[in-house]
Amino acid sequence: MKRHLQTGILHLILILFALMTLVPFGFALNNSFRTNTEMYHSFFGVPEAFVNILTAAGRIIQGSDELVKFTDTEGAQSMLPPREALRANLHMAGLNYKRSWALIRPFMLNSFIVCISTALGVLLLSSITAYTLSRNRFPGNRFLYYLIISAMMFPGVLTFVPTYMIVRNLGLLNTNWAMILPYMAGGQVFAIFIMKGFFDGLPEDLFEAARIDGAGHLQVYWHIVLPLSKPVLSVVLIMNIIGSWNNFMWPFVTQSDGKNHVIASGLYVLATSAYALDFSTLFAAYMLSSIPLLVLFIYATRPFIQGITSGAFKA
């Protein structure tokens, strides 16, 4: 009995800490449905549009024609019939998201282009390189491998200025290529490291059988290595998407004209523009920008864990 009580208390403490981590998310979500006027009067209150929606819905169900309150963006209040009030308050509840989506849509599109291009490029190049180093023995094989993974010892800030000068000299500033190419180059090092470790663990009998059947390197790579490497490919894909999506400093520096900002740098630009005092729109933009990573977390958690437990990080 005492043991069950201790376990219950421990679980309760862990649940409380988990809920505490969700407080900022809940705070932003709640305020994304409110107006600036509401926040000035009560920063932690329930969205007034939601209260009015419930009131209008209740009176429609009851068949009552009693008027329902409606508050516009300027804080002006009016009384409307239940059905008209329901439509008006529903529109009011989603107004912040409509405004914010119009503002961040170009940033989201650029983020998708950069993230998908970077992830696919890293997957292709690093898998080919890792396969070559793992399944082909040639003079200097191990030296070349150690030379590649030694790049992990250099922090990104050390290569920031040289990379910027290369991108500038190539005339790639203010283009998506200024982000895609450096991300692909930097993301390959760790990807090659974990992929080679995974490829080394594949049974040699499979490759011998393929060679006996007359398969070449390209056929072995495409029909044997890649299908068996889905767990480690998932790990590389997820890590590169998250890294590219959350990167702020590099896009902010290389996209000075603002046309090709991604979501991370675009939100900063938005928060320092004329919308800096439009808190409700900013909160809605923050929530919209988190949806892709939230979806990625929901659908990619299982393959990510499978990739780790199946030997993705085996040296």
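Colleague: Which residues of α4 do you call buried?

Modeller: This is a predicted model. In α4, Glu48, Ala49, Asn52, Ile53, Ala56 and Arg59 are buried. Buried means under 20% relative accessible area.

Colleague: How do you know on which side of α4 they lie?

Modeller: They cover an arc of only 135 degrees around the axis, so they sit on the same side of α4. On the other side, Leu54, Ile61 and Gln62 are exposed. For that label the relative accessible area must be over 50%.

Colleague: What do the buried residues of α4 pack against?

Modeller: Their partners are α3 (36-41), β1 (68-71), β2 (77-80) and α5.

Colleague: How does the length of α4 compare with what is expected at 1.5 Å a residue?

Modeller: α4 covers residues 48-62, 15 residues in total. From first C-alpha to last it reaches 21 Å, close to the 21 Å expected. Gly63 follows α4, and its phi is positive, near 80 degrees.

Colleague: Where is there a positive phi in a residue other than glycine?

Modeller: At Asn174, with phi near 65 degrees. Asn174 belongs to the loop between α7 (160-169) and α8.

Colleague: Why do you call α8 largely enclosed?

Modeller: Because 17 of its 24 residues are buried, the rest of the structure largely encloses α8.

Colleague: What makes a set of residues a nonpolar core?

Modeller: The residues must be buried and nonpolar, with side-chain atoms within 4.5 Å joining them. The largest such core has 31 residues. Tyr131, Met195, Phe199, Val220 and Val236 have the most contacts inside it. The elements giving two or more residues to this core are α5, α8, α9 (204-212), α10 (217-228) and α11 (230-246). α8 gives the most, with 10 residues.

Colleague: Which residues does Val220 contact, beyond its neighbours within four places in sequence?

Modeller: Val220 is in contact with Tyr131, Phe207, Ala210, Ala215 and Val225. There is also a second, separate core of 17 residues. Among its members are Ile263, Phe283, Ala285 and Met287.

Colleague: Why does Ser100 count as buried?

Modeller: Its relative accessibility is 0%, so Ser100 falls in the buried class. Ser100 lies in helix α5 (residues 82-135). Beyond residues up to four places away in sequence, Ser100 touches Thr281, Ala284, Ala285 and Leu288.

Colleague: Now the whole chain. How does its radius of gyration compare with that of a compact globule?

Modeller: A compact globule of 315 residues would come near 20 Å, but the chain has 27 Å. Along the principal axes, its C-alpha atoms fill a box of roughly 85 × 65 × 40 Å. Buried residues make up 39% of the 315 residues.

Colleague: What share of the contacts join residues at least 24 apart in sequence?

Modeller: Among contacts between residues at least 6 apart, the share is 69%. A contact here needs heavy atoms within 4.5 Å.

Colleague: And how many helices and strands are there?

Modeller: The chain has 14 helices and two strands.

Notes
Residues are numbered from 1 along each chain as its sequence is written. This is a predicted model: local features need pLDDT of at least 70, side-chain atom pairs count only at pLDDT 80 or more; totals for chains, interfaces and linings use all residues. Side-chain values use heavy atoms; hydrogens and water are left out. Buried means under 20% relative accessible area, exposed over 50%, partly exposed in between (1.4 Å probe, protein chains only). Helices (H or I, at least four residues) and strands (E, at least two) are DSSP runs, numbered from the N terminus. The expected span of a helix is 1.5 Å times one less than its number of residues. The arc is that of the directions from the helix axis to the C-beta atoms. The radius of gyration is taken over C-alpha atoms; the globule rule is 2.2 Å times the number of residues to the power 0.38.
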